[in-house]
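Student: I would like to learn how to read a model like this one, feature by feature. Could we walk through it together?

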Amino acid sequence: MITEIDMEYVKSMIKEGKRIDGREFEEFRNLKIESGFVKNAEGSALVTLGETQVLVGVKIELGEPFPDTPNEGVLMVNSELGPIASPDFESGPPNEQSVELARVVDRGIRESKCMNMEKLCIEPGEKVWMVCIDIHVLNDDGNLIDASSIGAIAAILNTKMPKLNEDGTINRENREEKLEISQIPVACTLHKIEGELILDPDLKEESAVEGRLTVTTIDGQLCAMQKGGICGFTPEEVYKAIDISLKKGSELRKKLE
Amino acid sequence: MSELIKDGRRLDGRKLDELREIEAKAGVIKRADGSGYFRLGNTIAVAAVYGPRELHPKHLVDPVKAYVKYRYNMAPFSTTERVKPGPSRRSTEISKVIKEAISSVLFLEEYPKTGIEVFIEVLQADASTRCVGLNAASIALADAGIPMRDLIVSCSAGKIDGKVVLDIAGEEDFEGEVDLPIAYVPRENKIYLLQMDGIISQEDFRKAIEMATKGCEIIYEKQKEAIKRKYEAFEEGVKK
């Protein structure tokens, strides 16, 4: 349960240039990535970021391509904010928070062009490989976007492709060939509290956040962005957020490589 | 891939930093408390505002401020391929980000326990539908007489053929490299909506933001004209 008192405490600390758990403004909590956590998934990763825990699984399926991209495989990202992860989550169809989370992670991966979608085509217009990424939040203690984004890229880096049987069915045994990944997109979300930009808030800090800006970067460049929350950002604040994300992104990328 | 820029001009003849033709009107839906129409080239949206009024469902009621309910919807016939009616993941996300942008410019604390409902219908789509919808909504909110910090304005910048351009349309939407819609409040110099997809350098990103905010300044004037025009027409009617 987070109270008004917690929120005011977070704000008063930020005003003094401090955070409630003693971290620097641009410091992440302890990050642990366990790749290959689920044996039955083609790829998976369990990400623990402080107390936040997200399990991402990749399943590779056979399917039909979209009519406007007959020569390309299909990428799908879905997220599940189930009641297990927080007293605030309910079961049922995905709410807007869940849809936004999945779409922000999706855009980061898709727009980085880290996957060669044409290589996932088996028969143009007929049959392609579908890469289905499912984000399963196990415990929400803030910063789900960054944790899920790290989990998603870790899981696809861990993915081994199934083979195709002669009769055209899928063969998931003895998977060896890795899914080819050429870039490592990493999302960093800057959260604004009392005019300051901080990284990786926990749930208490998140309650005081007025606005956020997610910047997904690949080596030295940006590939996707999303602003959320009520408060505005001046162009200068946006540029500053980008600088921080580029710097932090390359640090995180080293942990993924 | 076909060429999108030739001799400094785009396929539709525009310069790199030129907006499409703008048409803005206030008070187009009579039953609504406020309404707006906005057209940017071939993209057309209408918006209606109802409220502040009793809010349903009840669990959304906020004792200290009004709740903004927002729906962005594309008419099934607005695009080349029919859009399946009903909410999609795309429209859910767009509704969420626009709702947050709108909430930030309204004095919601003036109307506790109520709902302010904003509905946007995209009638014809040719890129930038969320921007055009938001511009229509901004006019509609002013038309409904809801106190606002300022009008909120939206337009997009992007990158095509390696160049930063304003207001992507038509072919550019499919073949372009980057799309960057923003919503901006000129008086505060603040950005309230920002989404981007596509690979871009920091330098080009700055250019795109500068271009988009300049585009917003132009649209801002058109929005103000539209709202004034409604009252001028009304005044003339009274004189007669």
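Tutor: A residue counts as buried if 20 or more other C-beta atoms lie within 10 Å of its own, as exposed if 12 or fewer do, and as partly exposed in between, with C-beta atoms placed from the backbone. Strands (E, at least two residues) and helices (H or I, at least four) are DSSP runs, numbered from the N terminus.

Student: What should I know about the model and its numbering?

Tutor: The model is predicted: local features need pLDDT of at least 70, side-chain atom pairs count only at pLDDT 80 or more, and totals for chains, interfaces and linings use all residues. Residues are numbered from 1 along each chain as its sequence is written, while chains are lettered from A and ligands numbered from 1 in the order in which they are written.

Student: How many helices and strands does chain A have?

Tutor: Chain A has 5 helices and 12 strands. Its radius of gyration is 19 Å, close to the 18 Å that the globule rule gives for 257 residues, so chain A is as compact as a globular protein of that length. That radius is taken over C-alpha atoms, and the rule is 2.2 Å times the number of residues to the power 0.38. Along the principal axes, the C-alpha trace of chain A spans about 65 × 35 × 30 Å. Buried residues make up 44% of the 257 residues in this chain.

Student: Which strands pair with S12(A), and how do I read the pairing?

Tutor: Two strands pair if DSSP finds at least two bridges between them. Within chain A, 8 bridges join S11 (residues 211-218) to S12 (residues 221-229), and the two run antiparallel. Gly211(A) stands opposite Gly229(A) in S12(A), and Gln221(A) is the bridge partner of Ile218(A). The two strands form a hairpin with 2 residues between them, and Gly220(A) in the turn has a positive phi of about 75°.

Student: And across to the other chain?

Tutor: There, 4 bridges join S12(A) to S11(B), again with an antiparallel run. Ala224(A) stands opposite Asp197(B), and Met225(A) faces Met196(B) as its opposite residue in S11(B).

Student: In what order do the strands of the open sheet come?

Tutor: The order is S10(A)-S9(A)-S11(A)-S12(A)-S11(B)-S10(B)-S8(B)-S9(B), 8 strands with antiparallel pairing. The edge strands are S10 (196-199) of chain A and S9 (163-166) of chain B, each of which pairs on one side only. Neighbouring strands are turned by 25° against each other on average, direction ignored.

Student: How do I read the helices against this sheet?

Tutor: Axes are lines fitted to C-alpha atoms, for helices over the stretch in contact, and angles run from 0 to 180 degrees between N-to-C directions. Contact between two residues requires their C-beta atoms, placed from the backbone, to lie within 7 Å. Helix H2 (residues 129-143) of chain B packs on the sheet, touching S8 (153-160) and S10 (178-185) of chain B, and its direction makes about 165° with that of S8(B). Helix H4 (residues 202-239) of chain B lies across S12 of chain A together with S8, S9, S10 and S11 (190-200) of chain B, at about 145° to S8(B).

Student: At what angle do H2(B) and H4(B) pack?

Tutor: The angle is about 35°, with the axes of H2(B) and H4(B) 10 Å apart. The residues of this contact divide into 5 nonpolar, 3 polar and 2 charged. Ala, Val, Leu, Ile, Met, Phe, Trp, Tyr, Cys and Pro count as nonpolar, Asp, Glu, Lys and Arg as charged, and the others, Gly among them, as polar.

Student: How many residues of each chain are in contact with the other?

Tutor: 25 residues of chain A are in contact with 28 residues of chain B. S12(A) gives the most to the side of chain A that touches chain B, with 9 residues. By class, that side has 13 nonpolar, 6 polar and 6 charged residues.
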